[in-house]
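Subject: Structure handover

Hello,

Here is the structure for you to look through. Please open it alongside this email; the notes on what was found in it follow below.

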Amino acid sequence: MAALVRSLGLPLLDRSGKPHDIQQLTSADVIAFYFSAHWCPPCRHFTPVLKKFVETLQSNGEQSLKVIFVSSDQSEHDMWKYMYDSHGDWFALAYSCRDGKERLERQYQVSGIPQLVVIDAVGRQAVRDARGEVMAASSSSTQVLTTYLGWKTAVGATPSAPVQPRPLHGELLPGLCVRICGLQGAPEHNGCEGTVRGFDPQRQRYVVQLGEKSLSLRAANLLQLPVVQVRSGEDSTEWFEAGIADFDVDTGELIWEQDGKMLRGRLGDPSAPRLKAGTRIVVQGLQAETAKQWNEHIGQVLEYDEPSERYLVQVAPDAQLKIRPGNIRIFPLP
């Protein structure tokens, strides 16, 4: 793909308007020509969807999709305004290269816009309806990654490291420190601390790195040891970070080290730790009819709201709740 673009001698510009060295494109890159224009209503509808598609890939560590904007705008000024207002960090065919634009339109039989053309190593269109696939995958990061994997296979791109979807709200984050507990088949690991490396959605297990060994474990066998915010005293306004050291199942108290002492307290107590944004929690004990459905669901802390003394928690991609500290826990996980 990259070799073909280089062979065509197309003058590419980055989003700042500077020439891009085509030699920097590699065999691992997937090239997609995006034929579009701001004056076109369907283009204005599709462009933000494509932008989100690319950003989802990038946020999951996949940087190999290179979008090249081929403008049908009525002026160069319109092209750049469209890019600045609506596009991602993509490339553009220089507006002055009208012969290159026409060559691409003939080669890929572009009779209308928007059109997204994903090409293989010899310049053939490798994906029959890339635009339709982007639209269909837009509701799920997993679908985006699955769709893009299909593209990479279709174009024959050099394989890169496998990409796993990053959790949105219901999975523990890679890098989180956890303590193993409650194992029946391998009790020698109970009490050991490890690091979450990923989540296997098919087996519903977390991959936990324990020294040189990797274990596949259920969420129920993991005690989160997140970094939290603590104060030096109930009246102090200064917060600093500390790590959770343990959890008392019988009392529901968190245990943490502070100033050389092991302290404990329940969430919501004046001197207890405050959970940081991004912490995964379990919703519990909600009584409202509209909220009961979220009990025993894992959610993600977004922030702590001081006036209401509640955590704002993402419980689904389109649902957030303000929850009292007493209605959340970090262990046990469902």
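A residue counts as buried under 20% relative accessible area, as exposed over 50%, and as partly exposed in between. Trp39 has a relative accessible area of 46%, so Trp39 is partly exposed. Please keep in mind that this is a predicted model.

Trp39 itself is found in the loop between strand E2 (30-36) and helix H2. Leaving aside residues up to four places away in sequence, Trp39 touches Arg44, Ser72, Asp73, Gln74 and Ile113. Tyr148 is 109 residues from Trp39 along the chain, and the C-alpha atoms of the two are separated by 28 Å.

Next, the helices. Two packed helices are described by the angle between their axes and the distance between the axes. Both values are given for the two pairs below.

Helix H2 covers residues 41-59, and its axis comes within 10 Å of the axis of H5, crossing at roughly 65°. Angles of 65 to 115 degrees count as roughly perpendicular, and H2 and H5 are therefore roughly perpendicular to each other. Their crossing is left-handed. On the H2 side, the residues that meet H5 are Pro42, His45, Phe46, Val49, Leu50 and Phe53; on the H5 side they are Arg131, Val134, Met135 and Ala137. By class, this contact of H2 with H5 has eight nonpolar residues, one polar and one charged.

H5 (residues 130-137) also packs with helix H6 (residues 141-155), at an angle of about 155° and with the axes 8 Å apart. Over 145 degrees counts as roughly antiparallel, and H5 and H6 are therefore roughly antiparallel to each other. The crossing of H5 past H6 is right-handed. H5 makes this contact with Ala130, Glu133, Val134, Ala136 and Ala137, and H6 with Gln143, Val144, Thr147 and Trp151. The classes here are six nonpolar, two polar and one charged.

The last topic is charged pairs. How many salt bridges does the structure hold? There are 13 salt bridges in the structure, and three of them are described here.

In one of them, Glu193 pairs with Arg179, with the closest N and O atoms 2.6 Å apart. This pair links distant parts of the chain, since Glu193 lies in strand E7 (residues 193-200) and Arg179 in strand E6 (residues 177-180), 14 residues apart. Are the two partners buried or exposed? Glu193 has 42% relative accessibility, so Glu193 counts as partly exposed, while Arg179, at 15%, counts as buried.

In another, the side chains of Glu306 and Arg274 meet at 2.6 Å, N to O. These two also come from distant parts of the chain, 32 residues apart: Glu306 is in the loop between strand E17 (298-305) and strand E18 (310-316), and Arg274 is in strand E15 (residues 274-275). Glu306 counts as partly exposed because its relative accessibility is 47%, and Arg274 is buried because its relative accessible area is 13%.

Glu289 forms a salt bridge with Lys292, and here the closest N and O atoms are 3.2 Å apart. Glu289 counts as exposed at 65% relative accessibility, whereas Lys292, at 36%, is partly exposed. Finally, salt bridges with shared partners join Arg179, Glu193 and Asp246 into one network.

Regards

Key:
Residues numbered from 1 in each chain as written. Predicted model: local features only at pLDDT ≥ 70, side-chain atom pairs only at ≥ 80, totals over all residues. Heavy atoms only, no water. Axes fitted to C-alpha atoms, helices over the stretch in contact; angles between N-to-C directions. Helix = DSSP H or I, 4+ residues; strand = E, 2+ residues; numbered from the N terminus. Parallel < 35°, antiparallel > 145°, perpendicular 65-115°, else oblique. Left-handed = near helix turned anticlockwise from the far one by under 90°. Contact = heavy atoms within 4.5 Å. Nonpolar A, V, L, I, M, F, W, Y, C, P; charged D, E, K, R; others polar. Salt bridge = Lys/Arg side-chain N within 4 Å of Asp/Glu carboxyl O. Buried < 20%, exposed > 50% of the residue type's maximum accessible area, 1.4 Å probe, protein only.
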